[in-house]
Amino acid sequence: MRRALGIDHVVGVICLLFALCYLWSSRSIVESSFGDTLGPRMFPQILGALLALLAVGMIIKAEPRRAADALPRGAVIAIIATVIMVALFALLLPLIGFAPTTFLITLAFSLSLREKLLVSVGYGILLAAIFYVVFVILLATPFPQATWAGLI
Amino acid sequence: MGGVDLMDTLGFLLSGLQTSVTGWNLAYVLIGAFVGTWVGMLPGLGPSTGIALLLPLTYGLDPTGGMIMLCGIYFGSMYGGSISSILLNTPGDVSSVMTMLDGHPMAKKGRAGAALFASAIASFIGGTIGLIGLTFLAEPIARFALRFGPSEYFALMTFALIATATLMRGSVFKGLIAVVLGLMIATVGIDLQSGSPRFTMNNPELFDGISLIAVIIGVFGIAEVFGNIEEIVEKRWGTVRTVGRLWMTGEEWFRCRYTFIRSSVIGFVVGIVPGAGGAVATLLSYAAEKRASKHPEEFGKGAIEGVAGPEAANNSCVGGALIPLFTLGLPGSSATAVLLGALMIFGIQPGPKLFVENPDLVWGVIGSLYVANVVLVILNIPFIGIFVRMLLIPGTLLNAIILMLAIAGAYSLNNSVFDVVLALTFGCVGYLLRKAKVPLAPLVLAVALGGSLEQSLRQTLSLSGGDPGILVSSGIAASFIAASALLIAGPLIWPSLAQLMQRRTGIRQEAAAEKSSKI
C-alpha cells in the first residue's frame, strides 16, 4: 500500500537536499592561516550535519497526506501568479519605472484573484498613486527612472 | 548608593520624557502609535512584520526619532492585534492568539464592546507596569551584563534560540530545524574573522550577507499574502461584527480586579527572558487566570478575564523584552529581532555600553513609550469605530497593499532589486515551512543572532585554545547551557510529563495551535 506523501515528507526531503548542497558548498570555504581556532568552515559544517539529521528525523516522523490538506486550484494559480509577478517586478522596474510597475502588479494580482477587470484597474491606479506619493515623493526612495528611450 | 541610583534613574526618565515630546518626536510617537494599531489590527500582520514593512519610513530620520517611531509601532500593534482577534477571529500575531479564545465568543454574543474595552484597559495597565519595570531594571541589568564574556553570550544566545524553538506548541524537532535553517542563512557572506567568502556564489550582492529585514519581509509579509490568498479563494476572508457599547459592567470589573496586575507581572517577567516572548507570556497568563478564576468553565466561551489577562501580559511583555534588547543586544522575539536590525541600520550597537554611550536614545525611547501608551489608550477607546471601519477594506486590495509594501520595503533596504528577489524567495520558503507547521519565529531569531552566536563561539574557543570545556566554565554560562539542554531533552524523555502539564492547564491547545500554525 503506497503511503500518500504529506507535506512533512516533501519539506523534510527538501531540507535534507539543502543540507547536503550546503555541506558540499562548504568544502570550498577557504581556511585562513591567521584567525581563530575554529575557523570559518567548522560552524557551517556542524549546522549542515545537524540539519541533515533533523531532516531525516522529520521524514521518519512525517504523517501521510490528508484530503483536507489539499489546496484549491484557484489558490495555487494565484500564488504562482504572484511569484511570477514579483519576479517580473525586479526585471520591469528599471525599464518602466515604479508607478507603472506598481499598477501592473496590482492589476495582475487582483485579476488572479478573480476580481472584475474594472475593479482591478481601479485598484491598480489607486495603489500606484498612493505608493508613488509615499515612496517617491515623501520618502525620496531612489527608484530607477523609466528608460522608455531604451525601448524605442 | 541605592538612593543615588534611584534619583539618577528618575532623572534620566524625566529627561527621556522631555526628549519624547520635543520637536518632531511627539509627532513620531503619534504616527507610530496610529500606524502600529492599524497594522496590528490587520489580520495576519503582527508587530514584527509591521515594523519591518514600515522601516523604510524611518530612513530619513535621526536614530532617536526613528527608534521612537518604531517602538510606537511595536506598542501600537500590541493594542491593535486584539481588535482582529476579537472581531475577526484572526490573530494578528502569536501574542493575540489567546485573546481570541474568549474575545471572539464574546463578540459573537454581542459583547465585542466590552471585550475591546477590557483589552484596551488591560493593555494600558500592562504596558505601564512593563515600562516601570524597564525603567528601574534596565540599568542594573546592563551593569550586571558588563561582566559577560563571550562564553556567557554564547550560552545566553543558545538558550534564547532553544527556548523559542521549544516553548511554542508543536514539534520540538521542527522548532530546531527552524533554528538551524536560520543559522545557516546567517552564515552567508564574507566571514569577518577570516575574510573567506561563504556561500556567496560569486555574487557581490551576497558579500554582506542576507539582510534580516529581507528575510522577515519575505517570511512574514509575502508568505502571509500567500496564506491570505488561500482564504480569499476559499471565501473564508473574515466579516466584521458590530461592536456594541464600549464599557464593562461592574461585575466584569470586579472579576478582573487582580487580573490586570497579575498578568502584567507575568508578562513582564516572561518578556525579560530572552527567547520567551508574547506567546509564552499570554499562554501563562491565560492559564493563571483560569486557575485563579471562580468560573473556570467559562473560559473558552467568553470569560472576560480570558481577554484582560493575555492583553495585559502581551503589553507588559514589550517592556520586559526591551531589556535584553537594549542591555545585551539580545532579541527575545521576532519583533525585537527587527528592532535589532533597525538599530544596526541606524548604526547603533546595543549592549551594556548603550546606556553609557547613547543614553539620550535609550531614555528617549523609554519616555516615548510612556507617551505612546497614553496615546494608545485614548485612541483605542473613543476612536475604535474608525479602526473597525478600516477592517472593511476588501481582502484583495488589502493584500495587494501588503504585497506592494513588502516589495517597496525590500527594495529600499539597499536600493536594489536583489533584495526584492531575496524577499520573494523567503516568501516561498516561509510559505512552505508554514504548511509543514515549522515555526518561523525561531528561524527569524536565528538569522538575527546567527552571526553573533558564531562569533562568540569562535572567540570563546580561541581563548581556550580549542578546549570546549570553557563553554560551561562560568556559573552563568553553565546554567544557560544546562537549561537549553533540559528544554530539548525534557519533552523527549518525559513525554508523559509534557502531556500531563498540557492537560493540567486545560487550554484548548488544538484551537490555539490551529490558528497559530502560521506563526
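**Entry 1**

I began with B:Glu224, which is buried at a relative accessible area of 4%. For that word I used under 20% relative accessible area, with exposed over 50% and partly exposed in between (1.4 Å probe, protein chains only). I was working on a predicted model, where local features need pLDDT of at least 70, side-chain atom pairs count only at pLDDT 80 or more, and totals for chains, interfaces and linings use all residues. Side-chain values use heavy atoms without hydrogens and water, residues are numbered from 1 along each chain as its sequence is written, and chains are lettered from A and ligands numbered from 1 in the order in which they are written.

Which side chain meets B:Glu224 in a salt bridge? I found B:Arg434, at 3.1 Å from N to O. B:Arg434 sits in helix α19 of chain B and B:Glu224 in helix α9 of chain B, so the pair ties together parts 210 residues apart in sequence. My rule for a salt bridge was a side-chain nitrogen of Lys or Arg within 4 Å of a carboxyl oxygen of Asp or Glu. Helices (H or I, at least four residues) and strands (E, at least two) are DSSP runs, numbered from the N terminus. I then checked B:Arg434, and it counts as buried at 9% relative accessibility.

I searched the whole structure and got seven salt bridges over all chains. One of them joins the side chains of B:Arg198 and B:Glu454, 2.8 Å from N to O. B:Arg198 belongs to strand β2 of chain B and B:Glu454 to helix α20 of chain B, so this pair ties together parts 256 residues apart in sequence.

B:Glu454 also forms a salt bridge with B:Arg458, with the closest N and O atoms 2.9 Å apart. Both B:Glu454 and B:Arg458 lie in helix α20 of chain B, four residues apart, about one turn of the helix. Through shared partners, salt bridges join B:Asp191, B:Arg198, B:Glu454 and B:Arg458 into one network.

Are these side chains buried or exposed? I read B:Arg198 as buried, with a relative accessible area of 3%. B:Glu454 counts as buried at 5% relative accessibility. B:Arg458 counts as buried at 0%.

**Entry 1: where chain B meets chain A**

I counted 58 residues from chain B and 63 residues from chain A in the contact (heavy atoms within 4.5 Å). The two chains bury about 5,200 Å² between them, 84% of it on carbon and sulfur atoms. Buried area here is the accessible area (1.4 Å probe) that two parts lose on being put together, summed over both. In chain B, the residues that lose the most area to chain A are B:Met184, B:Phe199 and B:Met404, together 12% of what that side buries.

How many salt bridges cross this interface? The rule finds one. I traced a salt bridge between B:Lys174 and A:Asp8, whose closest N and O atoms are 3.1 Å apart.

Next I listed the elements giving two or more residues to the side of chain B that touches chain A: α8 (172–186), β2 (197–198), α9 (212–233), α18 (395–414), α19 (417–435) and α20 (441–463) of chain B. The largest share, 12 residues, comes from α18(B). That side divides into 39 nonpolar, 11 polar and eight charged residues. For these classes, Ala, Val, Leu, Ile, Met, Phe, Trp, Tyr, Cys and Pro count as nonpolar, Asp, Glu, Lys and Arg as charged, and the others, Gly among them, as polar.

For A:Cys21, the nearest cysteine sulfur is that of A:Cys15, 12 Å away. A:Cys21 counts as exposed at 51% relative accessibility. For B:Cys317, the nearest cysteine sulfur is that of B:Cys71, 14 Å away. B:Cys317 is buried, with a relative accessible area of 4%.

**Entry 2: B:Thr9**

I placed B:Thr9 in helix α1 (residues 2–21) of chain B. B:Thr9 counts as buried at 9% relative accessibility. Leaving aside neighbours within four places in sequence, B:Thr9 is in contact with B:Thr135, B:Phe136 and B:Trp363.

How values were computed: Disulfide = S-S within 2.5 Å.
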